[in-house]
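Please have the sequence and the model open while reading.

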Amino acid sequence: MVVKFLDLKKQYLSIKQEIDSAIFRVIQNSAFIGGDEVLCFEKEFAEFLGEGVKTLGVGNGTDALEIAIESLNLPQGGEVLIPANTFVATAEAVVRNGLKVVFVDCGRDYTLDIGDLESKITPASVAIIAVHLYGQSAKLNEILNLAKKYHLKVIEDCAQSHGATYNGRRVGTFGDVGAFSFYPGKNLGAFGDGGMIVSRDFDCLQRCREIAHHGGLSKYEHRIIGRNSRLDGMQAAILRVKLKYLESWNARRREIAGLYLEGLGDMLDIALPEVKENCICVWHLFVIRTLKRQTLMEVLRKNGIEYGLHYPLSLPNTPAYAPFVKGIECKNATCWEDEILSLPMGEHLEDKEVQKVIEVLKDTLCG
């Protein structure tokens with residue numbers, strides 16, 4: 001029995017008729033750029049996030065972050081604080097906006113460590129990017145309090161947290177602006193690239209719309225120097241179908257996480273993910289830590305169990321971003337990059353597959 005880390009084909013087959021119908025509808029209407037599918041998905045995703053939220057579909061999650069940051073008109077060279085342990089797009093979006101990235105260590109929940117965050121705020125700081133990593137919300141109360149204290153903007157990176165909540169409210173709706181990715185492997189994934197910018201600030205979202213639409217709100221209107229980033233109709237139609245299933249898929253992910261947490265709870269050689277009471281985690285990834293990672297990877301591979309590493313290097317330790325870390329320490333992120341291991345996670349998994357993963361890990365560490 002092969003236990004897949006991700007099975008997009010199985011997901012497609014479970015909703016094949018609806019997906020095929022949505023794709024045919026787009027082709028029949030020739031609505032490939034813009035059109036009703038995009039407008040309807042933007043509206044439906046806004047309703048999913050909560051009252052007062054405005055949305056803008058864009059080409060991908062990296063574009064969403066980059067345009068969101070640009071819309072805030074931050075001073076060139078200003079410092080933006082981001083987690084050391086995150087996907088590279090978070091840092092790319094900062095640097096490509098002419099801003100300086102400052103890496104902050106991660107806490108036990110893998111999101112921004114609040115003590116380290118405050119210690120790295122300087123007069124040059126202009127913003128914080130709160131990454132809701134692995135499906136778990138960052139510590140938003142503390143982050144928002146620091147932002148208010150030091151007059152900083154807050155950008156939420158929600159690429160891994162579709163549907164996650166903090167104190168009963170969806171992530172992406174707390175900061176000045178938020179960004180989602182619809183990369184195929186996400187909890188809500190397209191059949192290609194796609195992204196969404198979200199904000200409760202109408203003016204902010206209008207600036208994002210101008211930037212993403214060649215610098216204007218109408219065709220051939222170019223009020224500012226913009227770019228081209230659009231969510232296409234085909235992806236929007238597919239995402240509209242999938243959005244209807246997102247809550248049930250996330251619920252299944254929580255069931256699987258519960259099986260892992262119960263089955264591995266007595267393993268001294270494994271550090272399990274932290275579960276926060278005031279959050280609903282959507283378990284984009286189930287990440288453990290172990291000093292015996294190499295041994296476990298070899299055994300998982302031999303037993304037909306797929307796994308991942310998120311991430312094999314923290315960003316301060318990559319060649320591209322090493323120049324940004326002089327005198328900056330991120331001890332947890334550096335230490336844990338050799339220990340983190342992502343187990344199979346997703347609604348495609350059956351209980352017997354999860355139990356196989358648990359049994360293989362226990363047999364290896366206890367045998």
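## Arg170 and its partners

A polar atom of the Arg170 side chain sits 3.1 Å from the backbone oxygen of Phe48. The model is predicted. Arg170 also makes a side-chain to side-chain polar contact with Glu247, at 3.0 Å.

Arg170 belongs to strand 7, residues 169-170. Is Arg170 buried or exposed? Arg170 is buried, because its relative accessible area is 15%, under the 20% cut-off. Setting aside neighbours within four places in sequence, Arg170 contacts Phe48, Leu49, Gly163, Ala164, Thr165 and Glu247.

## Nonpolar cores

The largest nonpolar core holds 46 residues. Ile82, Phe103 and Ile197 have the most contacts inside this core. Where does the core lie relative to domain 1 and domain 2? The core lies between them, because domain 1 (15-240) and domain 2 (246-366) both contribute residues.

Phe103 shows what surrounds one of the residues with the most contacts in the largest core. Not counting residues up to four places away in sequence, Phe103 touches Ile82, Pro83, Ala84, Ala91 and Lys120, among others. The list of touched residues also includes Leu315, Pro316, Tyr321, Phe324, Val325, Ile328 and Cys330. In soluble globular proteins, nonpolar side chains tend to be buried together.

## Helix 5

Helix 5 spans residues 88-95. Which residues of helix 5 are buried? They are Ala89, Thr90, Ala91, Ala93 and Val94.

These buried residues pack against helix 4 (61-71). They also pack against four strands: strand 2 (79-83), strand 3 (100-104), strand 4 (125-131) and strand 5 (153-157). Ala91 is also on the Phe103 contact list.

## Cysteines

How many disulfides does the model contain? The count is zero. A disulfide needs two cysteine sulfur atoms within 2.5 Å. For Cys106, the closest cysteine sulfur is that of Cys330, 7.9 Å away, so the pair is too far apart for a bond. Cys106 is buried, with a relative accessible area of 1%.

Cys158 is in no disulfide either. The nearest cysteine sulfur, in Cys279, is 13 Å away. Cys158 counts as buried, at 0% relative accessibility.

How values were computed: Residues numbered from 1 in each chain as written. Predicted model: local features only at pLDDT ≥ 70, side-chain atom pairs only at ≥ 80, totals over all residues. Heavy atoms only, no water. Core = buried A, V, L, I, M, F, W, Y, C linked by side-chain atoms within 4.5 Å. Buried < 20%, exposed > 50% of the residue type's maximum accessible area, 1.4 Å probe, protein only. Domains from an automatic or database assignment. Contact = heavy atoms within 4.5 Å. Helix = DSSP H or I, 4+ residues; strand = E, 2+ residues; numbered from the N terminus. Polar contact = N/O pair within 3.5 Å; in protein donor to acceptor, adjacent residues only side chain to side chain.
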